[in-house]
Amino acid sequence: MNLIPGLQATASALDAERTRMNVVAENIANAFTTRDANGDPYKRKIVSFESVLANQGDVQSGRSAPLYKVQISGVTQDDTPGKIVYNPQHPDADEKGMVHMPNVESSREMVDLIISSRAYEANLQVARTSRQMAKQALTIGNKS
Amino acid sequence: MSFINSLQGMGGNLFGSSKAIPGMDKDLKGMLEGALGGEGKQGEGGGMDVSALMNNFSVDKLQQTAKNQMERMGIDTSGASETGRSIFAELPQMSGGGGGDSFASMLTGLVNSVDAKSKASEQAAQDLMLGKSDNIHQAMISMQEASISFDLLVQVRNKLVDSFKELSRMQA
């Protein structure tokens, strides 16, 4: 029984946006991490989405169209080189006193953060509106 | 949705059983159509009968579930449950004989699925509060689903009670 239309896709999109938010948070948190598990500077991570068929639908009778959900297709690394700064006191500095910094740019991450939060908001609005639709349909039989 | 169809079917079935009372067909038909929002027309000729329906239909189960739901929502159920019981208790005496239980099983199915949704939402909220899950939106969505499907159940029940009231008013 699926009384509220569109919720399946919306729920998956909310899940996906949560993951993107997690990755953005990870990028911002590691903006100054010069050493990861392999001893290299942190590399910025990028989330990509893909759509998957959630429900074949009933195309022949025309009652419902196939439904596609969103899912995370992968979290990939951004391999552009980061800044190199002169800081000879730093424990991760090389023999010339240069430190390899992560390739995270705070300004870009903030933009990603806002995009992610707005996308989450949009999906919440879809959930609210479709719930409202179902609720209004239930008032058809009400008197006056 | 199939509920409207079932309501139509029920209109016809109630009507069918009234043929035992001569000359009442037209009045009852009009009344039932009024009570069911003018949807009784297509259901004519269904082979079901109120008494059979009410015998097969487990009234206690519906009431228990509805009561549980209401208690969870913090609604006082003492009055409501009494009304429901007396209505369902009176119905079987209205006419006799017949078979078929598709409407009863449909209604039981509705009650079961509403109950399942409510349990799922409760579980999601509990998991969230206990820290087993961090899926706020999923919990909220399942709560909304539970609330909407309960509203639907209430509306179906209201329609049933309405049509019964129409019937009982006719006898007076």
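Two residues are in contact if their C-beta atoms, placed from the backbone, lie within 7 Å. The model is predicted; local features need pLDDT of at least 70, side-chain atom pairs count only at pLDDT 80 or more, and totals for chains, interfaces and linings use all residues. Residues are numbered from 1 along each chain as its sequence is written, and chains are lettered from A in the order in which they are written.

**View 1. Contacts of Leu110(B).** Leaving aside residues up to four places away in sequence, Leu110(B) touches Leu153(B) and Val156(B).

**View 2. The largest nonpolar core.** A nonpolar core is a set of buried Ala, Val, Leu, Ile, Met, Phe, Trp, Tyr and Cys residues joined through C-beta atoms within 7 Å; buried means that 20 or more other C-beta atoms lie within 10 Å of the residue's own. The largest such core has 23 residues, and Leu110(B) and Leu153(B) have the most contacts inside it. Two or more residues each come from H1 and H2 of chain A and from helix H6 (102–130) and helix H7 (136–171) of chain B. H7(B) gives the largest share, eight residues.

**View 3. The elements of chain A.** Chain A has two helices and four strands, in the order α-β-β-β-β-α from the N terminus. Helices (H or I, at least four residues) and strands (E, at least two) are DSSP runs, numbered from the N terminus. Of the 144 residues in chain A, 19% are buried.

**View 4. Where chain A meets chain B.** The contact takes 12 residues from chain A and 13 residues from chain B. On the side of chain A, helix H1 (7–29) and helix H2 (106–138) give two or more residues each, and H2(A) gives the largest share, five residues.

Key: Buried ≥ 20, exposed ≤ 12 C-beta atoms within 10 Å, placed from the backbone.
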